[in-house]
Amino acid sequence: MKLIKTMSDEELLMESVDLVSKTYIRIGANNVEEDTITVMAVDLAKDLRRMYKNFYFEDAENAFYEGIRSPIKTDFIHLTVPVYIKWLTKHKELIWDARAKVDRGEDPKQVPHFRPEPKLLK
């Protein structure tokens, strides 16, 4: 697991291309042009770097995984920036809520979505 802020720009972009491509396949959009995937992946990488730099990339993958499996709402027609921002924000809230539960004394092993804070290098 790598923190987004520790990933190189190239690595983050390649992982974003992979995530966007898999997401299109999972939602049944099999005829998406390569240019569309590239533009979405570039935007995703920039948004992750800017707004979710303390996420592990795995957190972003989990947000997309849960997002495409959530009940279909009227605003989800296809993958767009506002849609994936909602998924990422919801996942961030799950992580924060889990952290709050552990801080209140709950057993970390029993709290879904809890992850220990990364160890800082000295």
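User: Why does R49 count as partly exposed?

Analyst: R49 has a relative accessibility of 24%. Buried means under 20% and exposed means over 50%, so R49, at 24%, falls in between and is called partly exposed. Please keep in mind that this is a predicted model.

User: What makes R49 and D9 a salt bridge?

Analyst: The side chains of R49 and D9 come to 2.9 Å, N to O. The cut-off is 4 Å between a side-chain nitrogen of Lys or Arg and a carboxyl oxygen of Asp or Glu, so the R49 and D9 pair, at 2.9 Å, qualifies. This pair links distant parts of the chain, with R49 in helix α2 and D9 in helix α1, 40 residues apart.

User: Is D9 buried or exposed, and how do you know?

Analyst: D9 is exposed, because its relative accessibility is 58% and the label needs over 50%.

User: How many salt bridges are there in the whole structure?

Analyst: The search finds 4. One of them joins K2 and E11, whose closest N and O atoms are 3.1 Å apart. Another joins K22 and D18, where the closest N and O atoms are also 3.1 Å apart. Both distances pass, because the limit is 4 Å.

User: Where do K22 and D18 lie?

Analyst: Both are in helix α1, 4 residues apart, which is about one turn of the helix.

User: What about T23: buried or exposed?

Analyst: T23 also sits in helix α1. Its relative accessible area is 1%, and the limit for buried is under 20%, so T23 is buried. Beyond four places in sequence, T23 is in contact with F64, I68, L79 and W87.

User: Why does W87 get the label it has, with an area of 10%?

Analyst: W87 is buried, because 10% is under the 20% cut-off. The place of W87 is in helix α4. W87 and Y56 are 31 residues apart in sequence and 15 Å apart in space, C-alpha to C-alpha.

User: Which residues does L79 contact?

Analyst: Setting aside neighbours within four places in sequence, L79 is in contact with V20, T23, Y24, I27, M40, F64, Y84 and W87. A contact means heavy atoms within 4.5 Å.

User: What makes the largest nonpolar core a core?

Analyst: A nonpolar core is a set of buried residues of nonpolar kinds joined through side-chain atoms within 4.5 Å. The largest such set has 25 residues, and those with the most contacts inside it are V20, L44, L48, F64, L79, Y84 and L88. Helices α1, α2, α3 (57-69) and α4 each supply at least two residues of this core. The largest share, 6 residues, comes from α2.

User: How do helix α2 and helix α4 pack?

Analyst: Helix α2 (residues 34-51) and helix α4 (residues 81-103) pack at an angle of about 35 degrees, with axes 11 Å apart. The crossing is right-handed. On the α2 side the contact is made by M40, D43, L44, D47, L48 and M51, and on the α4 side by V81, Y84, I85 and L88. By class, the contact has 8 nonpolar, no polar and 2 charged residues. Asp counts as charged, so D43 and D47 belong to the charged class.

Key
Residues numbered from 1 in each chain as written. Predicted model: local features only at pLDDT ≥ 70, side-chain atom pairs only at ≥ 80, totals over all residues. Heavy atoms only, no water. Axes fitted to C-alpha atoms, helices over the stretch in contact; angles between N-to-C directions. Left-handed = near helix turned anticlockwise from the far one by under 90°. Buried < 20%, exposed > 50% of the residue type's maximum accessible area, 1.4 Å probe, protein only.
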